[in-house]
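Here is a short briefing to keep beside you while you look at the model.

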Amino acid sequence: TDGPGKDVVVKVCTACHDADNITSKKHTKEEWKGVVDTMVAYGAEVSDEQMEIITTYLAKNYGKANLTAGRGEIARPRR
């Protein structure tokens, strides 16, 4: 999905993973941060700024749907 941060995700994440491996996952922003932290532990070179860009992009475009507070309905992910 196009959007701010896609270029960083493509550059950093697809160095080791194909796009389907990344985009098939559905995580919250906090879960995506954990995934990126794990990849850094494995040796991925990611700055703090890139980490924020990556986790924000992935959560927005490939995140879990959240319950809308007080409305009892599932919010649809933005596309």
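A pocket here is an open set of grid points where a 1.4 Å probe fits, with protein on both sides within 12 Å along at least five of seven lines. This is a predicted model, and its largest pocket holds about 410 Å³ of space.

**The largest pocket**
- The lining is made up of 23 residues, and those nearest the pocket's centre are Val12, Cys13, His17, Val35 and Met39.
- By type, 15 of the lining residues are nonpolar, five are polar and three are charged.
- Helix 1, helix 2 (19–23), helix 3 and helix 4 each give at least two residues to the lining.
- Helix 3 provides the largest share of the lining, with six residues.

- In soluble globular proteins, nonpolar side chains tend to be buried together.
- The largest nonpolar core in this model has 13 residues, and Val9, Val46, Ile54 and Leu58 touch the most other members.
- Two or more core residues come from each of helix 1 (6–13), helix 3 (29–41) and helix 4 (48–62).
- Helix 4 gives the largest share of this core, five residues.
- Beyond its neighbours within four places in sequence, Leu58 is in contact with Val9, Ile22, Trp32 and Gly63.

- The average pLDDT of the chain is 83, and 81% of the residues score at least 70.
- Across residues 66–79, pLDDT stays under 50, and the model has eleven contacts beyond four places in sequence for this stretch.
- Where pLDDT is low, the predicted coordinates should not be read in detail.

Note on methods
Residues are numbered from 1 along each chain as its sequence is written. This is a predicted model: local features need pLDDT of at least 70, side-chain atom pairs count only at pLDDT 80 or more; totals for chains, interfaces and linings use all residues. Side-chain values use heavy atoms; hydrogens and water are left out. A nonpolar core is a set of buried Ala, Val, Leu, Ile, Met, Phe, Trp, Tyr and Cys residues joined through side-chain atoms within 4.5 Å. Buried means under 20% relative accessible area, exposed over 50%, partly exposed in between (1.4 Å probe, protein chains only). Helices (H or I, at least four residues) and strands (E, at least two) are DSSP runs, numbered from the N terminus. Contact means heavy atoms within 4.5 Å. On a 1 Å grid over the protein atoms alone, a cavity is a set of points where a 1.4 Å probe fits but cannot get out, and a pocket is an open set with protein on both sides within 12 Å along at least five of seven lines; lining residues have an atom within 4 Å of a point. Grid points are joined across faces, edges and corners, and a volume is the space filled by probe spheres set on the points. Ala, Val, Leu, Ile, Met, Phe, Trp, Tyr, Cys and Pro count as nonpolar, Asp, Glu, Lys and Arg as charged, and the others, Gly among them, as polar. pLDDT is the predictor's confidence in each residue, from 0 to 100.
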